[in-house]
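Please walk me through this model in the viewer, stop by stop. Tell me what to select next and what is there.

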Amino acid sequence: MDGNQQVLPLAFTVVDEETYPSWKLFLQQLSRHVIRGRRGMCLISDRHGGLIKAVREGPDFVSPHGVHWYCLRHVCSNFNSTIKNVVLKDLCWQAGSEYQLRKFNRIMEEIKKHDVKAFAYLDQINKEKWTASHDGGWRCGILTTNMSECINGVLKGARRLPVSALVEITLERTVHYFHVRAIKAVEHTVTKYSHAQQSTSVQTRRQGRHGMNTHVVKIANRECSCGKWNQFGIPCSHAQKVCGAYNISAASMVKDYYDVMAYNNTYSKHFEPVQSEDYWDDPNFQLVHDPTIRTVTRPGRNQTTRIHNEMDWRQTRARQEAQQQQGDSSIQENMP
Ligand SMILES: [Zn+2]
């Protein structure tokens with residue numbers, strides 16, 4: 001993700017299927033060409049067994065250098081596949097997305113009251129990996145891999161092409177993606193930063209049945225007990241109030257990666273045009289055609305844009321069920 005909360009495509013790969021060897025190869029290349037020894041990386045993904053195994057063997061997403069956290073949407077979906085209860089699935093989402101520990105604990109207790117097995121299922125997953133309340137600031141508020149879906153739109157029409165054409169169109173679209181953002185970035189102005197050392201408590205206003213909470217803000221550590229500052233890297237409303245009291249600019253407390261300079265740097269590198277194949281290095285391997293694999297062409301329009309998975313099905317069904325229930329209740333309301 002870039003500092004403007006948009007996807008920053010860094011690497012692509014073409015594999016025949018999602019397996020441990022293909023993930024291992026991809027992560028090795030990513031480490032060598034993109035990460036290049038940088039530390040503090042957070043990988044958010046589903047819990048694919050091959051990926052988890054490959055991640056553990058590499059240096060980049062293993063503590064203390066980096067972390068491998070799970071997509072909350074995938075955790076909820078897997079949870080629902082086992083527990084088969086939409087109410088508990090919603091509670092699972094609430095538990096994972098809650099920033100405050102006391103609220104997380106309260107929701108987990110609620111799950112326990114509903115179903116001890118469901119509680120045990122969630123309790124055995126490392127809480128750092130799926131909950132915002134135990135994350136420690138790695139996620140920057142990103143709970144799911146939903147944003148990566150936007151790359152499907154960028155690469156629309158690139159599926160089912162021969163590999164060389166696929167690579168070419170991916171490069172062309174990526175260059176365009178960077179170019180559009182590079183122009184946008186230079187239109188912004190740059191803000192200078194300053195530092196301060198204060199800590200205090202903030203009481204929130206009562207709003208109906210909510211509010212009246214006390215939060216501890218430590219300006220020097222850039223943290224507030226509500227958890228949002230740590231997560232998003234932007235001072236929460238409590239921290240902003242404290243900044244105002246001490247006459248400190250809240251903007252100066254925003255993490256560096258939101259800085260316009262950082263955003264400009266993200267898209268400042270240029271792509272090199274690709275030379276003719278005659279100039280390429282010898283790859284030291286030979287591509288061999290597998291005669292057992294044949295592309296079957298069918299008449300009519302090709303409808304494939306994205307491979308639908310179990311989660312699409314669940315969401316559609318949940319929505320249909322909700323609509324059905326709404327329909328039933330409105331029928332009941334209209335009855336004499
Ligand atoms: Zn706060």
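**Before you start**

This is a predicted model, in which local features need pLDDT of at least 70 and side-chain atom pairs count only at pLDDT 80 or more, while totals for chains, interfaces and linings use all residues. Residues are numbered from 1 along each chain as its sequence is written.

**Stop 1: the whole chain**

Select everything and colour by secondary structure. The chain has 13 helices and five strands; helices (H or I, at least four residues) and strands (E, at least two) are DSSP runs, numbered from the N terminus. Of the 336 residues in the chain, 19% are buried. A residue is called buried if 20 or more other C-beta atoms lie within 10 Å of its own, exposed if 12 or fewer, and partly exposed in between, with C-beta atoms placed from the backbone. Among contacts in the chain with a separation of 6 or more, 59% join residues 24 or more positions apart. Two residues are in contact if their C-beta atoms, placed from the backbone, lie within 7 Å.

**Stop 2: helix 3 and helix 4**

Select residues 72–83, which form helix 3, and residues 86–97, which form helix 4. The two helices pack at an angle of about 150 degrees, and their axes are 9 Å apart. That makes helix 3 roughly antiparallel to helix 4. Axes are lines fitted to C-alpha atoms, for helices over the stretch in contact, and angles run from 0 to 180 degrees between N-to-C directions. Angles under 35 degrees count as roughly parallel, over 145 as roughly antiparallel, 65 to 115 as roughly perpendicular and the rest as oblique.

Helix 3 passes helix 4 in a right-handed crossing. A crossing is left-handed if the near helix is turned anticlockwise from the far one by less than a right angle, and right-handed if clockwise. To see the contact, show L72, V75, C76, F79, N80 and I83 of helix 3 with L88, K89, C92, W93, G96 and S97 of helix 4. By class, this contact of helix 3 with helix 4 has eight nonpolar, three polar and one charged residues. Here Ala, Val, Leu, Ile, Met, Phe, Trp, Tyr, Cys and Pro count as nonpolar, Asp, Glu, Lys and Arg as charged, and the others, Gly among them, as polar.

**Stop 3: helix 4 and helix 5**

Which hand does the crossing of helix 4 and helix 5 have? Helix 4 passes helix 5 in a left-handed crossing. Show L88, L91, Q94 and A95 in helix 4, which meet F104, I107, M108, E110, I111 and H114 in helix 5. This contact has seven nonpolar, two polar and one charged residues.

**Stop 4: helix 3 and helix 6**

Helix 3 passes helix 6 in a right-handed crossing. F79, T82 and I83 of helix 3 make the contact with A118, Y121 and L122 of helix 6. Five nonpolar, one polar and no charged residues take part.

**Stop 5: backbone details in loops**

Most residues other than glycine have a negative phi, and most peptide bonds are trans. Select R36, in the loop between helix 1 (20–35) and strand 1 (41–45). Phi of R36 is near 45 degrees, a positive value. R36 counts as exposed, with 9 C-beta neighbours inside 10 Å.

Move to P64, in the loop between helix 2 (49–57) and strand 2 (66–70). The peptide bond from S63 to P64 is cis, with omega near 5 degrees.

**Stop 6: an annotated segment**

Select residues 215–247, which an unreviewed UniProt entry annotates as "domain: SWIM-type". UniProt positions are given in the numbering used here, feature names are shortened, and annotations may be inferred rather than shown by experiment. Over residues 215–247 the chain is 42% helix and 18% strand, and the end C-alpha atoms are 19 Å apart.

Now pick R222, in the loop between strand 4 and strand 5. R222 has a positive phi of about 55 degrees, and R222 is partly exposed, with 17 other C-beta atoms within 10 Å.
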